[in-house]
Amino acid sequence: MATGMPASTGDVLSAPMFNELVQFTINTQSGATYTLASTDQYQVLILTSNASTKTVSIPTDATTNFGIGTAITIINTGAGLLTINAVTPGTTTVTSSGATSASPTLSQHGAAVCIKTAANTWRVVGGIA
């Protein structure tokens with residue numbers, strides 16, 4: 001997470017902290033599965049590097065309550081397809097304009113942003129396969 005994020009009332013940002021706000025912190029995931037965590041918001045770029053198929057899952061609000069408007073960026077650097085889905089599909093809705101609306105996929109070097117638009121509701125936009 002970028003230094004200084006999130007800030008609270010009364011916090012003072014130093015120049016180095018302020019300058020880091022425009023940079024992404026890299027979260028490299030090399031496994032076959034990864035579930036988004038609260039540390040993935042605020043200027044974090046998730047890079048998935050597994051050569052096989054892999055899945056990034058979005059948890060329910062009961063598990064990790066991201067704020068509405070949260071945007072999480074993912075790039076699939078591995079050779080296998082990356083599927084973005086919900087941990088609990090009956091509770092959390094993940095949609096996109098890709099070929100498979102409910103479980104969008106990214107091919108190698110594809111990038112997408114997962115945006116929370118309402119409670120347990122996410123839109124995935126970007127290089128959807």
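Helices, of at least four residues, and strands, of at least two, are taken here as DSSP runs and are numbered from the N terminus.

**Figure 1. Overall fold of the predicted model.** The structure shown is a predicted model, and its protein chain, read along the sequence, follows the pattern α-β-β-β-β-β-β-β-β-β-β. Of the 129 residues of the protein chain, 39% count as buried, and the chain exposes about 6500 Å², of which carbon and sulfur atoms supply 56%. Where contacts in the chain link residues at least 6 apart in sequence, 57% of them join residues at least 24 apart.

**Figure 2. The largest nonpolar core and the surroundings of L36.** The largest nonpolar core contains 19 residues, and those with the most contacts inside it are L36, I74 and I84. Two or more residues each are given to this core by strand 3 (44–48), strand 4 (54–58), strand 5 (71–76), strand 6 (82–86), strand 9 (111–118) and strand 10 (121–126). Strand 6 gives the most, with three residues. When neighbours within four places in sequence are left aside, L36 is in contact with I46, V56, S57, I58, P59, T64, F66 and I72.

**Figure 3. Strand 3 between its pairing partners.** Strand 3 is mostly covered, since five of its five residues are buried. V44, I46 and T48 point one way from the strand, whereas L45 and L47 point the other way, and all are buried. Strand 1 (residues 25–29) runs parallel to strand 3 and is joined to it by five bridges, with T28 standing opposite L47. Strand 3 also pairs with strand 5, in the parallel sense and over four bridges, and here the bridge partner of I46 is I74 in strand 5.

Figure 4. Four strands form an open sheet with the order 2-4-6-8 and mixed pairing. Its edge strands are strand 2 (33–35) and strand 8 (105–106), each of which pairs on one side only. Strand 2 and strand 4 run parallel and are joined by three bridges; in this pairing T33 stands opposite T55 of strand 4.

**Figure 5. Close-up of N85.** N85 lies in strand 6, and its side chain makes a polar contact with the side chain of S57 at 2.8 Å. Leaving aside neighbours within four places in sequence, the residues in contact with N85 are T55, V56, S57, I58, V94 and S103. The C-alpha atoms of N85 and V124 are separated by 9.7 Å, although these two residues are 39 residues apart along the chain.

**Figure 6. Strand 10 and its pairing with strands 7 and 9.** Strand 7 (residues 93–96) pairs with strand 10 in the parallel sense over four bridges, and V124 in strand 10 is the bridge partner of S96. Strand 9, by contrast, runs antiparallel to strand 10, and six bridges join the two; V113 stands opposite V125 of strand 10. The hairpin of strand 9 and strand 10 has two residues between the strands, and in this hairpin N120 takes a positive phi near 55°.

**Figure 7. The aromatic pair of F66 and W122.** A search of the whole structure finds one aromatic pair. This pair, formed by F66 and W122, is edge-to-face, with 5.4 Å centre to centre and 90° between the planes. F66 lies in the loop between strand 4 and strand 5 and W122 in strand 10, so the pair ties together parts that are 56 residues apart in sequence. Both F66 and W122 are buried.

**Figure 8. The buried lysine K116.** K116 is found in strand 9. Because buried means under 20% relative accessible area, K116 counts as buried at its 2% relative accessibility. The side chain of K116 makes a polar contact with the side chain of N65 at 3.1 Å. Not counting residues up to four places away in sequence, K116 touches D61, N65, F66, G67, I68, G69, T70, T121 and W122, a list that includes both members of the aromatic pair, F66 and W122.

Terms used. Residues are numbered from 1 along each chain as its sequence is written. This is a predicted model: local features need pLDDT of at least 70, side-chain atom pairs count only at pLDDT 80 or more; totals for chains, interfaces and linings use all residues. Side-chain values use heavy atoms; hydrogens and water are left out. A nonpolar core is a set of buried Ala, Val, Leu, Ile, Met, Phe, Trp, Tyr and Cys residues joined through side-chain atoms within 4.5 Å. Buried means under 20% relative accessible area, exposed over 50%, partly exposed in between (1.4 Å probe, protein chains only). Contact means heavy atoms within 4.5 Å. A polar contact is a pair of N or O atoms within 3.5 Å; within protein, one must be able to donate a hydrogen and the other to accept it, and residues adjacent in sequence count only if both atoms are side-chain atoms. Two strands pair if DSSP finds at least two bridges between them. Rings of Phe, Tyr and Trp (its six-membered ring) pair if their centres lie within 6.5 Å; planes under 30 degrees apart count as stacked, over 60 as edge-to-face and the rest as tilted. Accessible areas come from the Shrake-Rupley method with a 1.4 Å probe; for residues, only the protein chains shown count as cover.
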